[in-house]
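Visitor: I've got a structure to look at and I'd like to learn how to read it. Could you walk me through it?

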Amino acid sequence: MHRASHTALGLALAAALGWTGIIDRSGHCYYAVPSDWQVIDASETIEALATSRDGRASASSIWSAYASWAAFTVRLRLDLQPTIVHKDDGQRFWVEYGRQPGVHHFSAVAAPLGGCTLHLDLNRGADDALAAIAREVIGSLVVLR
């Protein structure tokens, strides 16, 4: 699936679910969260942060510049030391990482000279329903431009 298809799929998913779309400060990255999640707007120093109503999940996305997707994902593997690799197909990279309580996701979508990244954390008290929503949030990440 090429980038335009990822974009259409992410936007269609959000629209179909009635979710809130969030665009990073650079205008490159988009993801969506359920409409009942709280979104703390971006400022000059931080990106927008979305949190679930119960506070057990949080997500934030940023644009990351790089010269090579392959080198970028190799560095991510070294830095994050993933415990589970969900996807690594040359267009999308999605892993779980970390040893601290909870589940910590990192996802990235490739674009020329950079990509969109998403950190999504689930606290220990997150249930299966919230974990399923987290997967949908991660799947909604797309590059806009």
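Visitor: Where is Ser61 found?

Guide: Ser61 sits in strand β5. Helices (H or I, at least four residues) and strands (E, at least two) are DSSP runs, numbered from the N terminus. Bear in mind that this is a predicted model, where local features need pLDDT of at least 70 and side-chain atom pairs count only at pLDDT 80 or more, while totals for chains, interfaces and linings use all residues. Residues are numbered from 1 along each chain as its sequence is written, and side-chain values use heavy atoms, with hydrogens and water left out.

Visitor: Is Ser61 buried or exposed?

Guide: Buried means under 20% relative accessible area, exposed over 50%, and partly exposed in between (1.4 Å probe, protein chains only). Ser61 has a relative accessible area of 3%, so it counts as buried.

Visitor: What does the side chain of Ser61 reach?

Guide: Here we look for a polar contact, a pair of N or O atoms within 3.5 Å; within protein, one must be able to donate a hydrogen and the other to accept it, and residues adjacent in sequence count only if both atoms are side-chain atoms. The side chain of Ser61 reaches the backbone oxygen of Thr117 at 2.8 Å. Contact in general means heavy atoms within 4.5 Å. Setting aside neighbours within four places in sequence, the contacts of Ser61 include Cys29, Tyr31 and Leu118.

Visitor: How many bridges pair β5 with β9?

Guide: Two strands pair if DSSP finds at least two bridges between them. β5 and β9 have nine, in the antiparallel sense, and Ala59 stands opposite Leu120 in β9. β5 also pairs with strand β4 (residues 49-51), antiparallel again, over two bridges. There, Thr51 has Ser58 in β5 as its bridge partner. The hairpin of β4 and β5 has five residues between the strands, and Gly55 takes a positive phi near 75 degrees in it.

Visitor: Why is strand β2 described as largely enclosed?

Guide: Five of the five residues of β2 (residues 29-33) are buried, so the rest of the structure largely encloses it. Look at both faces: Cys29, Tyr31 and Val33 are buried on one side, Tyr30 and Ala32 on the other. Then check the partners of β2. Strand β1 (residues 20-23) joins it through four bridges, running antiparallel, with Ile23 opposite Tyr30. Strand β10 (residues 142-143) is joined to β2 by two bridges, also antiparallel, and Tyr30 stands opposite Val142 there.

Visitor: Now a helix, please. Which residues of α2 are buried?

Guide: An α-helix has 3.6 residues a turn, so residues three or four places apart point the same way. In α2, the buried ones are Trp69, Phe72, Thr73, Leu76 and Leu80. They cover an arc of only 90 degrees around the axis (taken from the directions from the helix axis to the C-beta atoms), which puts them on the same side of α2. These buried residues pack against β5 (57-65), β7 (92-97), β8 (103-111) and β9 (114-122).
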